[in-house]
Amino acid sequence: MPELWRLDATEVARRVRSREVSAREVTLSALARLEAVNPRLNAVVQAMPEEALAAAEAVDQSIARGEAPGLLAGVPVTVKVNTDQTGFASTNGIKLQADHRATDDSPVVSNLRNAGAVIIGRTNTPAFSLRWFTANDIHGETWNPRDKGLTPGGSSGGAASATAAGIGAIGHGTDIGGSVRYPAYACGIHGLRPTLGRIPAWNPSLPERDIGPQLMAVSGPLARTIPDLRLALAAMSARDPRDPWWVPAPLEGPPAPRRAALCVAPEGMKVAAPVAAALRDAAARLLAAGWEVEEVAEVPPLREPARLQAQLWLAMLPRGGMALAEREGEAASLAIFGHMTALSPQPSLAEFQDALTARAGFLRAWMLFFERYPVVIVPVSGELPFANHADQGGAEAFSAIIEAQLVQVGLPLMGLPGLTVSTGMVGKAPVGVQLLGGRYREDLLLAAGEDIAAGGTPPSPVEPDWD
């Protein structure tokens, strides 16, 4: 029998429900793995062994009573440290919130618990969950288990690093501009940013004035297999009335043609040769699985949505966001805020209203495109995973990174789902593709993603042996 921490979530839940193993045994194995490799990774910044074992015991008792233990029965998971979890600090990677204890669970944490998941720890994020690199002055730096010289991604870098290394089968992340999709790409696993409104989102500890940034960022799962993403999505998307944007959309939509569009370089973005090769390889895998794939020169707009997404997100800065960043004094995030502000100046009220109006038009264009092509294959990033802290090389370096991340930043403006599928390695660097689909059609992305992943993915869990 393989070590329990190596099993994927789907297999763990099956074995726990059938009583082949206990949730306690799985949890002890997961905690041992955390203790063994996390000192090298700093992916989990707060382990919670006592709470985890208590949750596992509750799952085992539920099964003993003949009750349904939930979709994620006994599955070890992690929660990102920017998300409210009762009794823990929602630090968001900043010292100023070190003592900011949550008094209630966020909806996604409640849903994980209700599904029988066992939360074993909280994962790192960059200060303010701002960067595609994960380091801060309160928790320190997180490392990529595949190569210490590469970023683990961000902002859910801790979740991706932990999941890739076998610290939990599912990592919870949040995505406002690639923060689930990029860490999955950088660490060689899979990650899903669901449709806005699919997974209920709200941090009870944040003031209501911050509801805008909360709703722009959606929670999503990271996992080593596509079936685990499907399972996690079902568990995480249960109703919670605290999120006014939550939609009771079915997890399986109506039948759609198995047709995909491949766009290697949307709107002329620069795409490195290994990334282009991965995109064409993914298209070939879909063709072999019976899909119809057509390469197209262009897709609906992403460049202008990316600009507007940054503009809307940065609108919080004059309302206290910049003052908070200056009080925190974290050099890396201050530099990034400066670069972003230079690229996306504060809008006037009219420009802000125009951005909200334009959003509907861009979404309409994309939904019409999905009528013809239910799945679209595009880059996650135009480059292989960046060297660690590449965004600290000045304005020119940051501009190049923003260009490479065009699809990640542009997609959230429309609230559309995006799926990162890891497909292989280029030396020590993972590579993969991003799948886009219509609103609440995560089922189509996961179906295509499963067919692509069947053609090969980077081996995992990973042993962080860099020396």
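Ser62 sits in helix α3, which covers residues 49-64; helices here are DSSP runs of H or I with at least four residues, numbered from the N terminus. The model is a predicted one, in which local features need pLDDT of at least 70 and side-chain atom pairs count only at pLDDT 80 or more, while totals for chains, interfaces and linings use all residues. Residues are numbered from 1 along each chain as its sequence is written, and side-chain values use heavy atoms, with hydrogens and water left out.

With a relative accessible area of 9%, Ser62 is buried (buried means under 20% relative accessible area, exposed over 50% and partly exposed in between, with a 1.4 Å probe and protein chains only). Beyond its neighbours within four places in sequence, Ser62 is in contact with Glu67, Ala68 and Pro69, where contact means heavy atoms within 4.5 Å.

The nonpolar cores come next. Such a core is a set of buried Ala, Val, Leu, Ile, Met, Phe, Trp, Tyr and Cys residues joined through side-chain atoms within 4.5 Å. The largest holds 112 residues, and those touching the most other members are Val16, Leu72, Val75, Trp366, Val376, Ile377 and Leu435. Apart from this core lies another, of 14 residues, with Phe128, Trp313, Ala325 and Met340 among them. Val16, from the largest core, has contacts with Val21, Ser22, Ala23, Val26, Val59, Ile63, Ala73 and Gly74, leaving aside neighbours within four places in sequence.

Helix packing can be followed from helix α16. Helix α8 (residues 226-236) packs with α16 (residues 442-453) at an angle of about 160 degrees, and their axes are 9 Å apart; axes are lines fitted to C-alpha atoms, for helices over the stretch in contact, and angles run from 0 to 180 degrees between N-to-C directions. The two helices are therefore roughly antiparallel (angles over 145 degrees count as roughly antiparallel, under 35 as roughly parallel, 65 to 115 as roughly perpendicular and the rest as oblique). On the α8 side the contact is made by Ile226, Pro227, Leu229, Arg230 and Leu233, and on the α16 side by Glu442, Leu446, Ala447, Gly449, Glu450 and Ala453. By class, this contact of α8 with α16 has seven nonpolar, one polar and three charged residues; Ala, Val, Leu, Ile, Met, Phe, Trp, Tyr, Cys and Pro count as nonpolar, Asp, Glu, Lys and Arg as charged, and the others, Gly among them, as polar.

Within α8 lies Pro227, a partly exposed residue with a relative accessible area of 30%. Neighbours within four places in sequence aside, Pro227 is in contact with Thr10 and Glu450. Its C-alpha atom is separated by 19 Å from that of Gly290, 63 residues apart along the chain.

Helix α16 also meets helix α9 (residues 273-288): their axes come within 8 Å and cross at roughly 100 degrees. That angle makes α9 roughly perpendicular to α16. Ala282, Arg285 and Leu286 of α9 make the contact with Ala448, Asp451, Ile452 and Ala453 of α16. Five of these residues are nonpolar, none is polar and two are charged.

A further pair is formed by helix α10 (residues 303-314) and helix α13 (residues 349-372), which pack at an angle of about 140 degrees with axes 10 Å apart. This makes α10 oblique to α13. The contact involves Glu304, Pro305, Leu308, Gln311 and Leu312 of α10, together with Glu351, Phe352, Ala355, Leu356, Ala358 and Phe362 of α13. Its residues comprise eight nonpolar, one polar and two charged.
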